[in-house]
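Open the model in your viewer and show it as a cartoon.

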Amino acid sequence: MKAHLTRRYIFSASHRLHSEALSEAENRATYGKCNNPHGHGHNYALEVTVSGHVNQQTGMICNLLDLDDAVQREIIERFDHDNLNVRPEFEAIVPTTENLNEVIFRILKQSFKAAHLEKVRLEETMMNSFEYAGGTELRV
Ligand code: NI
């Protein structure tokens with residue numbers, strides 16, 4: 001039987017929701033205040049869920065320090081206190097939290113191998129959160 005482990009991380013970033021494929025009016029109609037030219041910030045809460053067998057000797061799925069190191073190095077240092085719109089990861093996609101979540105999943109899948117990455121969950125505000133578990137193409 002597999003066990004699951006979820007760890008929570010906090011970082012802050014700003015974004016402006018704006019699509020180059022839409023006109024100014026369409027952008028305003030689609031994104032509302034989130035399309036304001038100077039952007040706005042969020043305190044994101046990121047939950048990373050990994051799974052695996054519990055090691056007989058350590059009693060753990062994986063060492064939390066290894067997970068913390070990977071998230072710190074690959075996600076927090078990359079995005080914390082930055083403007084998502086100018087990041088290379090969002091050159092071709094709008095930095096919505098759906099897309100940020102998928103980017104985080106893809107990066108962690110590449111960089112963290114000590115346990116199986118099950119899913120990432122990103123809280124943008126107290127009122128909304130997004131989950132992505134990979135496996136299928138996210139964008140249509
Ligand atoms: Ni926002």
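Select residues 97-111 first: this is helix α3, with 15 residues. In this predicted model, the distance from the first C-alpha of α3 to its last is 21 Å, close to the 21 Å expected at 1.5 Å a residue.

Next, show side chains on α3. Which of its residues are buried? They are Thr97, Asn99, Leu100, Asn101, Glu102, Val103, Ile104, Phe105, Ile107 and Leu108. An α-helix has 3.6 residues a turn, so residues three or four places apart point the same way.

What do the buried residues of α3 pack against? Four of the partners to select are strands: β1 (3-15), β2 (40-52), β4 (116-123) and β5 (129-132). Helix α2 (64-79) is also a partner.

Now zoom out and colour by secondary structure. The protein has three helices and five strands, and along the sequence they follow the pattern β-α-β-α-β-α-β-β. The C-alpha atoms fill a box of roughly 60 × 30 × 30 Å along the principal axes.

Switch to contacts. Among contacts with a separation of 6 or more, 69% are between residues 24 or more positions apart.

Of the 140 residues, 44% count as buried.

Last, colour the charged side chains. There are 15 positive and 20 negative ones, and the centres of the two sets are 3 Å apart.

Conventions. Residues are numbered from 1 along each chain as its sequence is written. This is a predicted model: local features need pLDDT of at least 70, side-chain atom pairs count only at pLDDT 80 or more; totals for chains, interfaces and linings use all residues. Side-chain values use heavy atoms; hydrogens and water are left out. Helices (H or I, at least four residues) and strands (E, at least two) are DSSP runs, numbered from the N terminus. Buried means under 20% relative accessible area, exposed over 50%, partly exposed in between (1.4 Å probe, protein chains only). Contact means heavy atoms within 4.5 Å. Lys and Arg count as positive and Asp and Glu as negative; His and the chain ends are not counted. The place of a charge is taken as NZ of Lys, CZ of Arg, CG of Asp or CD of Glu. The expected span of a helix is 1.5 Å times one less than its number of residues.
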